[in-house]
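This report covers selected local features of one protein model, from backbone geometry to ring pairs and helix faces. The sequence and the structure come first.

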Amino acid sequence: MPGFLTTPVDILTGVPLPLMPVEGLPPVPQDKQINRERVADWHHPFHPRSQFLHAGAGMTALRNSRVQWAYYEHHHDEFPGYHSIYRGPDLPETEYEQFRTVVFATAGYIPRKGLAFTESGERQVELTEEQRAWLWKSGQIKIDKPIPVRDFLIDYTMSRNFVDTTGSIVDELVNSTNSTHKEQLCNRLLRIAAYEAAAELNTSYSHAKRAELLPQNAARCAGQFVMKVMATDTARKYAQRALIERVTPAA
């Protein structure tokens, strides 16, 4: 039976509060290891699933941007299990809000408070630095499916007015026959696009970095994080194709 309370979210980012880490949780399954015992399983903070059926790219990315490894009883069981209490968070409605929340969730942002469950019900508890570090180190909080997240971040970035499509650098890109030079121009424009798309997030991102709510190895700013998402070979090829389509004049 679905819960009756709205899952609390972090006001700064829209990321739902995590379940408090607990001792004795079985190790996170590796690769294709089958979770037969079901002592623990993966909790999707962005739910219910029905809200994401036939959803757009932003909502699909949101659903796949985070899961948390949790005790099965804390996750599913009758009161005080999570789903017996919470029906899910208020989901970001605009594309920008979805972009913001996906960026923070996939960058590893963990809010200041978590949800604890006792026989008397649930309560919000301040996470310690050690608990937050453990959630990062153990892999108990991670991206669920990276590809829909990557594709949404790239598509959102490419949809912004980040460059004058009549400018010289675009003209040079469209008309260049040198593949190496073309790739260098693509990478330059991708960087401009990433930083422009994420510009409004930089203040919140910097605040989260200073407050140590992001991992130590997190990108120094939101634009750099988006650029890192596009940096792998497969992602870069997808982003380059999207970029060329974006700036090439219609026939």
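## Backbone, rings and helix faces

E212 has a relative accessibility of 47% and therefore counts as partly exposed; buried means under 20% relative accessible area, exposed over 50%, and partly exposed in between (1.4 Å probe, protein chains only). The model is predicted, so local features need pLDDT of at least 70 and side-chain atom pairs count only at pLDDT 80 or more, while totals for chains, interfaces and linings use all residues. Residues are numbered from 1 along each chain as its sequence is written, and side-chain values use heavy atoms, with hydrogens and water left out.

E212 is not a glycine, yet its phi is positive, about 60°. This residue is found in the loop between α9 and α10; helices (H or I, at least four residues) and strands (E, at least two) are DSSP runs, numbered from the N terminus. H54 is another non-glycine residue with a positive phi of about 60°. H54 belongs to the loop between β2 and α1, and its relative accessibility of 85% is why it counts as exposed. The loop between β2 (40-43) and α1 also holds P48. The peptide bond that joins H47 and P48 is cis, with omega about 10°.

Helix α1 (residues 57-64) includes N64. N64 is buried, with a relative accessible area of 8%. A polar atom of the N64 side chain lies 2.8 Å from the backbone oxygen of T60. With neighbours within four places in sequence left aside, N64 is in contact (heavy atoms within 4.5 Å) with I143, D144, K145, P148 and V149.

Which aromatic rings are paired? The whole structure has seven aromatic pairs. Rings of Phe, Tyr and Trp (its six-membered ring) pair if their centres lie within 6.5 Å; planes under 30 degrees apart count as stacked, over 60 as edge-to-face and the rest as tilted. Two of the pairs are tabulated here.

| Ring pair | Centre to centre | Angle between planes | Class |
|---|---|---|---|
| Y82 and Y86 | 5.2 Å | 35° | tilted |
| Y82 and F117 | 6.3 Å | 80° | edge-to-face |

Through ring pairs, Y82, Y86 and F117 are linked into a cluster. Y82 and Y86 are both buried. The relative accessibility of Y82 is 1%, and F117, at 16%, also counts as buried.

Charged side chains also lie over rings. A charge sits over a ring if NZ of Lys or CZ of Arg is within 6 Å of the ring centre and within 35 degrees of the ring normal. R160 has its charged end over the ring of Y156, 4.0 Å from the ring centre. R150 lies over the face of Y238, at 5.3 Å from the ring centre.

Which residues of helix α7 (residues 168-175) are buried? They are I169, V170 and L173. Viewed down the axis of α7, the buried residues fall within an arc of 100° and so line one face of the helix; the arc is that of the directions from the helix axis to the C-beta atoms. S168 and N175 are exposed on the other side of α7. The buried residues of α7 pack against α8 (179-197) and α11 (233-247).

Helix α9 (residues 202-210) has S204, Y205 and A208 as its buried residues. They fall within an arc of 100° when seen down the axis of α9, so they line one face of the helix. An α-helix has 3.6 residues a turn, so residues three or four places apart point the same way. T203 and R210 are exposed on the other side of α9. The cover over the buried residues of α9 includes α4 (95-107) and α10 (222-229).

How many disulfides does the structure hold? The number is zero, a disulfide being a pair of cysteine sulfur atoms within 2.5 Å. C186 is buried, with a relative accessible area of 2%. C221 is also buried, with a relative accessible area of 9%.

Technical notes: Polar contact = N/O pair within 3.5 Å; in protein donor to acceptor, adjacent residues only side chain to side chain.
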